[in-house]
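Here are some notes on the model, for reading beside the coordinates.

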Amino acid sequence: MDNSCKSEFKELNLAAKIILSSWYGLAGLAAIIGNAIVLWLVARNESLRTISNLFLASLAAADFVVGLVIDPVWIFTRCVGYDANSHVQTYGEVIDYLWIHTTVATTFNLCCVTMDRYLAILYPLRYQDILTKRRCYILIVTIWFISFILPCSRFFVKDGSVSLWLSFTIITVLIPMMIIIFCSVRILKAAAEQSKKIRNNYTVQSQEALRRGRRNSKAALTIGIVVGLFVVCWLPSLITSLVNYFTPHHCGLTRQLLYYTVWLSVEALAFTSSGINPWVYCLRYDEFYKALTRTFSCVKRRNLEEALSHLRERKQSDM
């Protein structure tokens, strides 16, 4: 790198390192606690071991790894005395492996979660035949196998290979994002149509269908929230990757600027989604919330039927 490049380049100051370290630390802590709770609830409650929840548990495992391993590693390599040249040469391949592994595990598991809801809402009568528990386990094992094997190609390719990183970006982020968005749009549309149809044909006999429609609508909205968070958190990473791959690197300056500035915030935002997802499940899914309240007495119970009964009793007493 020549003098002109060195004069333009500035390392992160202490305040920026403290902010980023705190960000990674808080996101990692939220991911560890939240996903550990989800995994523990699924392991402890047999009623939670449905096909849908098994996919959620696999996603929680991937997010747990992000909080337990990736966030601490990134605090060290990105914020604590980080030097782009020396760290890329010494730890670059290992860091890249971890990044690809966690990205594949997270995005592919989220794909399965979304496609599971897609089949359950759009094909309710064929759902049990299409997606059995055996196929569910096969899918989960396949995802984790791919997440461990796919990043190994990084060890056989030289640094700076545009084609390699472009392929990884397309496979691990772009394609899953397109599948997730497509399925989510169809899910939300189908849930809205089902709710409208049930309301228009409401009878006393259709109360069970109404409750089922409400559950599907809530599940669809929950998936929409998770997918929205996924897009918000991972889209900057996708855009930055594509810009990086197709932008000429002037005397190596662009690479270091990305490591010290753009990529730091982009990666932190991507990893933040791992700390948010489990709390969305616990707060939005009734089955998880009920298991949570049974396990932790400090969590406020949410029982609509009890609230309505109490309201009716008050009205009768007032009369």
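1. The model is predicted. Its largest cavity has a volume of about 40 Å³. In total, the structure holds two cavities of 30 Å³ or more.

2. Which residues line the largest cavity? The lining consists of L59, T106, L110, V226, F230, W234, S273 and N277.

3. The largest share comes from α8, with three residues.

4. Helix α4 spans residues 84–122 and also contains H101. Is H101 buried or exposed? Its relative accessibility is 6%, so H101 counts as buried, the cut-off for buried being under 20%.

5. What does H101 touch, once its neighbours within four places in sequence are left aside? H101 is in contact with W144, S147, F148 and P151. As for F145, its C-alpha atom is separated from that of H101 by 9.9 Å, and the two residues are 44 residues apart along the chain.

6. From the cavity side, α8 can then be followed as the source of three lining residues. From the side of H101, the contacts to look up are W144, S147, F148 and P151.

Key. Residues numbered from 1 in each chain as written. Predicted model: local features only at pLDDT ≥ 70, side-chain atom pairs only at ≥ 80, totals over all residues. Heavy atoms only, no water. Helix = DSSP H or I, 4+ residues; strand = E, 2+ residues; numbered from the N terminus. Buried < 20%, exposed > 50% of the residue type's maximum accessible area, 1.4 Å probe, protein only. Contact = heavy atoms within 4.5 Å. 1 Å grid on protein atoms, 1.4 Å probe; cavity = no way out; pocket = protein on both sides within 12 Å on 5 of 7 lines; lining within 4 Å. Points joined across faces, edges and corners; volume = space filled by probe spheres on them.
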